Amino acid sequence: VSGLLRAGTGWLFPAVPLARIAWLRRAVYAFVVLDVLVLHSSGYYHGWADPVWYQPLAMGRLLRLPAASVLLVEVLRWGSVAAAVLGLSGRLPRTAGWLTAVAWIWFQYVAFAYGKVDHDRADFVVALIMLPLAGAASVGDATSKTRSEAAGFVLRAVQLTAIATYFLSAWAKVRFGGWGWVNSATMVRAVVRRGSWLGDQMLHVPWTLHAFQWVLISLELLSPLIFVVGEYWRRRMVAGWYLFHLMTYAAIGIAFYPHLVMMLAFLPLEEYAAGWRARRRERRPAQPGGTEQAGVPPGSRLRLRATQR
Amino acid sequence: VRFVPDIVKQPDIMTPVEQPDTVDPVEQPEILRLSGARKTLLALLLAGLSALFLAGTVRGDDTWWPFGPWRMFATSTAPSGAVVAMRIEVMAGDDAIWRPAPLSVRSVGLTRAEVEGRVPRITADPAMLGTLARSHARLRPGDPPWRAVRVVREETVLADGSPTGEIRSTTVASWP
């Protein structure tokens with residue numbers, strides 16, 4: 001039993017390079033800025049809606065959150081940006097992280113407390129809550145290669161949550177749509193309501209949308225397999241999910257952006273960054289020794305990692 | 001093929017690195033470890049969040065956000081029937097004709113789905129539509145003000161999973 005416990009603890013708290021969590025944090029906080037300013041604005045405009053439309057969620061009843069006002073949404077929007085920019089700078093990582101979490105979550109609350117809850121943004125809450133727990137980390141740690149168990153735990157938590165969204169959304173489909181969901185016209189409805197060129201083409205061949213539903217729920221139910229496969233397949237599964245989300249976007253114009261950022265937690269971001277830097281270094285000075293690997297395609301297994309050259 | 005060290009063969013990136021005492025410290029990366037108490041605390045935090053997400057999926061609803069069920073496109077739609085969408089029409093300024101108006105956050109501070117979800121309340125209290133005119137005036141002060149607003153229900157009829165081309169429209173509520 002103690003061996004099993006140790007294996008479980010080792011799995012939940014792997015020592016990963018601090019640089020990886022630093023890159024993930026950059027991606028998360030950069031997304032926060034993009035999100036509140038460009039992508040998701042319904043919370044912002046609720047500041048102008050009459051309070052008669054406010055429908056407090058459980059969180060709002062518990063914390064006694066008021067209906068939105070123009071002042072509140074401006075404070076939350078610019079507060080999110082300021083805290084996320086501080087987080088991007090790498091200074092005060094915990095304070096910046098907590099402030100970003102509070103401001104962004106409250107801003108989303110305002111967006112969702114008027115009767116329509118988006119279902120693609122809950123997992124990102126976990127990323128924002130967990131990231132401050134990793135503490136100080138900078139991308140410069142790629143050189144020192146310092147590893148941290150706290151960073152590994154945060155990555156695990158983000159990975160688990162990201163995969164839970166797939167698995168539990170399959171569960172929700174069966175709970176709300178019944179097992180007949182796979183044979184229902186759900187995707188037809190989605191395309192009729194928010195069509196696109198590709199979606200309209202698929203509408204003319206209804207079996208494609210029908211098959212899409214079968215593929216979707218199968219992939220969702222199998223998604224936890226990513227935790228048992230090796231590194232090689234793990235990266236390909238992540239790439240597969242990105243491809244799937246790209247197709248969904250093409251068909252119905254919907255992308256679960258925060259979730260796409262979460263999926264980065266599966267990838268060795270610091271290696272990609274180091275490799276990219278090394279390639280740039282190689283290209284700039286045209287030294288004969290600097291291009292020794294020029295014939296090896298990027299991403300090939302034969303390619304040396306930057307840190308080993 | 002050039003000499004390639006074994007280590008290049010993509011190791012499992014999440015595997016903890018063992019740190020034997022005998023190895024030269026310069027070769028091994030420094031590892032920041034967590035105390036057992038802290039690990040227990042973090043594991044409990046994760047377990048608590050997982051329990052909330054699971055409970056939300058099994059029993060919860062949207063008001064549980066962020067722990068509600070992940071029901072993107074989870075409802076079933078009958079292959080034959082109708083896809084319903086609401087729109088609003090307004091009379092603006094001196095115009096005496098009902099014209100479709102954008103039902104969006106930038107126009108009235110609310111999304112179409114948010115207005116659709118409140119139709120029973122709107123029919124009971126059509127004055128709610130008056131708040132849309134007020135919000136519109138604050139968001140778009142340059143536009144002619146709306147003096148009348150109505151909600152129209154639009155049904156796109158489906159047969160065997162594709163639209164028949166038939167669209168039915170009915171007025172649901174009207175203000176003033």
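Two strands pair if DSSP finds at least two bridges between them. In this predicted model, strand β2 (residues 147-148) of chain A and strand β1 (residues 31-32) of chain B are joined by 2 bridges and run parallel. Within β1(B), B:Leu32 is the bridge partner of A:Ser148.

**Interface of chains A and B**
- Chain A puts 98 residues into the contact, and chain B puts in 76 residues.
- About 7,700 Å² is buried between the two chains. Carbon and sulfur atoms give 65% of that area.
- The interface holds 3 salt bridges. B:Arg134 and A:Asp50 form a salt bridge, with the closest N and O atoms 3.6 Å apart.
- Polar contacts link 19 residue pairs across the interface.
- On the side of chain B that touches chain A, helix α1 (residues 36-58) of chain B gives the most, with 12 residues.
- That side of chain B divides into 43 nonpolar, 16 polar and 17 charged residues.

**Salt bridges within chain B**
- The whole structure has 20 salt bridges over all chains.
- B:Arg112 pairs with B:Glu116 in a salt bridge at 4.0 Å between the closest N and O atoms. They sit 4 residues apart in helix α3 (residues 112-116) of chain B, so about one helical turn separates them. B:Arg112 is partly exposed at 31% relative accessibility, while B:Glu116 is buried at 18%.
- B:Glu155 and B:Arg153 form a salt bridge at 3.2 Å between the closest N and O atoms. B:Glu155 is buried at 15%; B:Arg153 is partly exposed at 29%.
- B:Arg168 meets B:Glu166 in a salt bridge at 3.3 Å, N to O. B:Arg168 is partly exposed at 43%, and B:Glu166 is partly exposed at 39%.

**Network in chain A**
- A:Glu231, A:Arg234, A:Arg235 and A:Glu271 form one network through salt bridges that share partners.

Terms used:
Residues numbered from 1 in each chain as written. Chains lettered and ligands numbered in written order. Predicted model: local features only at pLDDT ≥ 70, side-chain atom pairs only at ≥ 80, totals over all residues. Heavy atoms only, no water. Contact = heavy atoms within 4.5 Å. Buried area = accessible area lost by both parts, 1.4 Å probe. Salt bridge = Lys/Arg side-chain N within 4 Å of Asp/Glu carboxyl O. Polar contact = N/O pair within 3.5 Å; in protein donor to acceptor, adjacent residues only side chain to side chain. Nonpolar A, V, L, I, M, F, W, Y, C, P; charged D, E, K, R; others polar. Buried < 20%, exposed > 50% of the residue type's maximum accessible area, 1.4 Å probe, protein only.
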